[in-house]
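This briefing is meant for someone meeting the structure for the first time. Please look over the sequence and the model below before turning to the points that follow.

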Amino acid sequence: MKKIMTPLLGILTGVVNILIGSCGGIVAVEALKLRGTNQTKSHATAIAIILPLTVISAAGYLIKGQVRLSDSYVYLIPGLIGSAIGSLLLPKIPKDMLSKVFSVFIIYAGIRMLMK
């Protein structure tokens, strides 16, 4: 069963990532946890999975003219700084707290989507 589920969850991660954005990371985290990976490592590994998927997604949007790269510059440098800070904090955050914070962000995002 795991031999079938792992590639299916990978495909689902890619599809969700391009359709909804970073939500592919949510699928990746949960897929990794289902395979027995701990919370912290699941989050870190999901980032490594999402990076190439996001690059491919962004390239597709750029080619189709659906986004201008110049619109992203205002977020790029602060985002890189935040990523560096997050990578230093991740191993220090207790797993149960990380899980709760992750859940709050998912619930918040879900509520915002439902309200639009």
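A residue is called buried when its relative accessible area is under 20%, exposed when that area is over 50%, and partly exposed in between. By that rule, buried residues make up 18% of the 116 residues in the protein chain. The model is a predicted one, and its chain has a mean pLDDT of 86, with 97% of the residues scoring at least 70.

**Overall layout**

- The secondary structure of the protein chain consists of 5 helices and 0 strands, and the elements follow one another from the N terminus as α-α-α-α-α.
- Taken along the principal axes, the box filled by the C-alpha atoms of the protein chain comes to roughly 40 × 35 × 30 Å.
- When contacts in the protein chain between residues at least 6 apart in sequence are considered, 57% of them join residues that are at least 24 apart.

**Confidence of the prediction**

- Among the elements of the protein chain, the lowest mean pLDDT, 81, belongs to helix α1, which covers residues 2-20, while the highest, 90, belongs to helix α4, which covers residues 73-89.

**How helices α3 and α5 pack**

- The packing of two helices is described by the angle between their axes and by the distance between those axes.
- Helix α3 (residues 39-63) packs against helix α5 (residues 95-115) at an angle of about 50 degrees, and their axes are 9 Å apart.
- Angles under 35 degrees count as roughly parallel, those over 145 as roughly antiparallel, those from 65 to 115 as roughly perpendicular, and the rest as oblique; α3 and α5 are therefore oblique to each other.
- On the α3 side the contact involves Gln39, Thr40 and His43, which meet Lys95, Leu98, Ser99 and Phe102 on the α5 side.
- Sorted by type, the residues of this contact between α3 and α5 divide into 2 nonpolar, 4 polar and 1 charged.

- His43, which is found in helix α3, counts as buried because its relative accessibility is 13%, and, leaving aside neighbours within four places in sequence, His43 is in contact with Val29, Leu90, Leu98 and Phe102.
- Ser42 is also found in helix α3 and has a relative accessibility of 0%, so Ser42 counts as buried; apart from neighbours within four places in sequence, the contacts of Ser42 are with Val29, Leu32, Lys33 and Thr37.
- Ile50, which lies in helix α3, has a relative accessibility of 11% and therefore counts as buried.
- Not counting residues up to four places away in sequence, Ile50 touches Thr13, Asn17, Gly24 and Gly25, whereas the C-alpha atoms of Ile50 and Leu8, 42 residues apart along the chain, are separated by 16 Å.

- Leu51 lies in helix α3 and counts as exposed because its relative accessibility is 57%; Leu51 and Cys23 are 28 residues apart in sequence, and the distance between them in space is 13 Å, C-alpha to C-alpha.
- Leu53, found in helix α3, has a relative accessibility of 26% and so counts as partly exposed.
- When residues up to four places away in sequence are not counted, Leu53 touches Thr13, Gly14 and Asn17.
- Leu53 and Pro94 are 41 residues apart in sequence and are separated in space by 28 Å, C-alpha to C-alpha.
- Val15, whose place is in helix α1, is partly exposed, with a relative accessible area of 40%; Val15 and Leu53 are 38 residues apart in sequence and 9.4 Å apart in space, C-alpha to C-alpha.

Technical notes:
Residues numbered from 1 in each chain as written. Predicted model: local features only at pLDDT ≥ 70, side-chain atom pairs only at ≥ 80, totals over all residues. Heavy atoms only, no water. Axes fitted to C-alpha atoms, helices over the stretch in contact; angles between N-to-C directions. Helix = DSSP H or I, 4+ residues; strand = E, 2+ residues; numbered from the N terminus. Contact = heavy atoms within 4.5 Å. Nonpolar A, V, L, I, M, F, W, Y, C, P; charged D, E, K, R; others polar. Buried < 20%, exposed > 50% of the residue type's maximum accessible area, 1.4 Å probe, protein only. pLDDT = per-residue confidence, 0-100.
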